[in-house]
Each structure stands twice: as C-alpha cells, then as structure tokens.
Amino acid sequence: MDTMRDRFGTVAGRLLDEDPRLAVVLAVISGDRFKDAAKAHPDRVIDVGIREQLLVSVAGGMALTGLRPLVHTFASFLVERPFEQVKLDLNHQGVGAVLVSAGASYDIAAGGRTHQSPGDVALLDTLDGWTVHVPGHPDEAEALLRHAAADGDNLVYVRLSDQTNLAPQPVSPGRFQVVREGRAGVVLAVGPMLDAVLEATSGRDVTVLYASTVRPFDAATVREAVARAAAPDLVLVEPYLAGTSADFAGRALADVPHRVLSLGTRREELRRYGSPRDHIAAHGLDAAGLRERIDGFLRP
C-alpha cells in the first residue's frame, strides 16, 4: 500500500492538470515526487529551497493573485517554524491555502525534536477559520485532499502520517462517523488512532466515533452519542497533543453533566528518540495502553 505522502504526490500532480488555479509550493521536501509536474507546469510548481518562512509567504502572495496554493513540507516546518507567516500572510491577509504536512507527531522520530510536531493542531487552533483534516488511510487522504483543493478560498490543513488504519472509512468532511454503538460511554478516535481504539475497546460496550476531519468539530454527533449512552462519559483519542480537542468537546456538552478523558501525546519530551512505534507505546497510544486507561475511566 502506498503511503499518504505518496498519494499526495500522485493526486496533487493530477490536480494540477485538472485545475489551472492550483499551484504546489515546496521547500525541497518531496520535490522528487513533483519532477514530472514541474516540467508540465513550471509556473505552478515552485520550490523555494529550505526556507520555510518564505514557503508560506510565497503561498500567501500566490493566493492574493487568485491561485489556490497547496503548500507542503514536514509538519514541524509547515506549522511551527513559520507560524508567524501563517498568522500574518494567510489569516491576517484573508486569503486561503491548503497546508499539507507529512511527519505527523513522531513519524520522523529519529530526526530528533526538530522533526517532531505533536503540537501542530493545537497551534492552529489559536487562529480562526481553519479546517483540519486528519486522515487515517491513504484513500481518505486522497478524498480529503481533493475536497480541500476545491474548497473555495478557505484555510485548510491536511495532516498526513505514516501511521495508518488497515481499511479506509467513508469520508464526510465535518461529520464524525459512528463505527460501533454501545452504552457504557463514547470513545472518539481521530485519524490513524481508529484501529488501536477498536482493538482496545473490543468486547467493551462502548460507542466508537471516528473523525477524519476534526475542525470544524462535529458537536452534534458527539452530543447525540453521549445522550444515548447510559453514562455521559467521553474519551478523546488524538494522535497529537493530549487535550487538543478538549475545549471543543466541553463546549459541545456544556449543558450536560459529563466527564472527558483526553488521550494523546504528553507534553513531556522523549529524548531517546527511538522509533515511531516506541513513541506510540511511551505515550500509551498503543492498544494495550489505551485499553488500560479507557477501562479505568469508564469502569463504574
């Protein structure tokens, strides 16, 4: 199976052929995936070199001319390093773009802290108007990328990861999917966390919701699922900073007595970089770690 990043390169190349308004802006990363596209569309495939702040500023300038830029590099270089440019050259200027990251939280664990970005979605949450897609499978990544490219002049973040679920889920941007129904509580799995959540809750009488789009937050589906449960308990399982969606969940359930458990990566920096699998286990995001904490929270 190809990776989400592979699929991005293939699909973005096709989109350039289909829509003359689209452009791809790179900072070296994944440049090899766009060699043919650059030959076919030299004015709409721009590589700025290892200059991430310029990457976003160029995208903002392109958007001011009416283009729809697809902007790509690793998450830490796309959201964290040029955050001021994201804030000023996109949000402040009132123009749209599609930021497409790779590397997720710890996919490039051996690259060290500079290549780790568990706080990217939380950082974008400080800005207004962002749609955030977190696909859990390459097929979902393709569908969400196509949706983002055609999404007018809106601001969209597509967070790609090497971690994937075995099978894709239907994509309905802005809506959470009910994967399994139960009575003992509700667990919301985001993107590539679904398989681990399903394994962790196997044999448990809980509802499992799935989100491949986390912003906007589907408050209505969460409220409905919690209302159907015997206990108003919600567990958030996110592949980035724990608690990133806690405020959104709290507002969704503001008039309902409830409990929320937020699971994700901890703020503690793991200085022995190891592998992505090591980080997943260390943060308790593998099936065994999730089962222990979910059972402990939902147990009467």
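Buried means under 20% relative accessible area, exposed over 50%, and partly exposed in between. Asp125 has 25% relative accessibility, so it counts as partly exposed. The model is a predicted one.

**Nonpolar cores**
- The largest nonpolar core has 45 residues, and Leu90, Trp130, Tyr157 and Leu234 touch the most other members.
- Helix H3 gives the most to this core, with five residues.
- A second, separate core has 22 residues, including Leu16, Leu26, Val45 and Leu145.
- Beyond its neighbours within four places in sequence, Trp130 is in contact with Val86, Leu90, Asn91, Leu99, Leu124, Leu155, Val156, Tyr157 and Arg215.

**Helices H3 and H5**
- H3 covers residues 52-64 and H5 covers residues 83-92; their axes come within 9 Å and cross at roughly 10 degrees.
- Angles under 35 degrees count as roughly parallel, so H3 is roughly parallel to H5.
- On the H3 side, the residues that meet H5 are Gln53, Val56, Ser57 and Gly60.
- On the H5 side, the partners are Gln85, Val86, Asp89 and Leu90.
- By class, this contact has three nonpolar, four polar and one charged residues.

**Helices H1 and H7**
- Buried in H1 are Met4, Arg7, Phe8, Gly9, Val11, Ala12, Gly13, Leu15 and Leu16.
- The buried residues of H1 pack against strands S1 (22-26), S2 (45-47), S3 (68-74) and S4 (97-102), and also against helices H2 (35-40) and H7.
- H7 runs over residues 138-149, 12 residues in total, and reaches 16 Å from first C-alpha to last, close to the 16 Å expected.
- In H7, the buried residues are Pro138, Glu140, Ala141, Glu142, Leu144, Leu145, Ala148 and Ala149.

**Leu298**
- Leu298 is found in helix H12 (residues 287-298).
- Its relative accessibility is 14%, so Leu298 counts as buried.
- Leaving out neighbours within four places in sequence, Leu298 is in contact with Ala184, Gly185, Val206, Asp233, Val235 and Arg259.
- Leu298 and Arg259 are 39 residues apart in sequence, with their C-alpha atoms 9.6 Å apart in space.

**Asp125**
- Asp125 is found in the loop between helix H6 (120-124) and strand S5 (130-133).
- Apart from neighbours within four places in sequence, Asp125 is in contact with Arg215, Thr244 and Phe248.
- Asp125 and Ser245 are 120 residues apart along the chain, and 9.2 Å separates their C-alpha atoms.

**Backbone geometry**
- Arg215 and Pro216 are joined by a cis peptide bond, with omega about 5 degrees.
- Pro216 is found in the loop between strand S10 (213-215) and helix H9 (219-228).
- Ser30 is not a glycine, yet its phi is positive, near 70 degrees.
- Ser30 is found in the loop between S1 and H2, and is buried with a relative accessible area of 3%.
- Ala104 also is not a glycine, and has a positive phi of about 45 degrees.
- Ala104 lies in the loop between S4 and H6, and is buried with a relative accessible area of 4%.

Note on methods: Residues are numbered from 1 along each chain as its sequence is written. This is a predicted model: local features need pLDDT of at least 70, side-chain atom pairs count only at pLDDT 80 or more; totals for chains, interfaces and linings use all residues. Side-chain values use heavy atoms; hydrogens and water are left out. Helices (H or I, at least four residues) and strands (E, at least two) are DSSP runs, numbered from the N terminus. The expected span of a helix is 1.5 Å times one less than its number of residues. Buried means under 20% relative accessible area, exposed over 50%, partly exposed in between (1.4 Å probe, protein chains only). Axes are lines fitted to C-alpha atoms, for helices over the stretch in contact, and angles run from 0 to 180 degrees between N-to-C directions. Angles under 35 degrees count as roughly parallel, over 145 as roughly antiparallel, 65 to 115 as roughly perpendicular and the rest as oblique. Contact means heavy atoms within 4.5 Å. Ala, Val, Leu, Ile, Met, Phe, Trp, Tyr, Cys and Pro count as nonpolar, Asp, Glu, Lys and Arg as charged, and the others, Gly among them, as polar. A nonpolar core is a set of buried Ala, Val, Leu, Ile, Met, Phe, Trp, Tyr and Cys residues joined through side-chain atoms within 4.5 Å.
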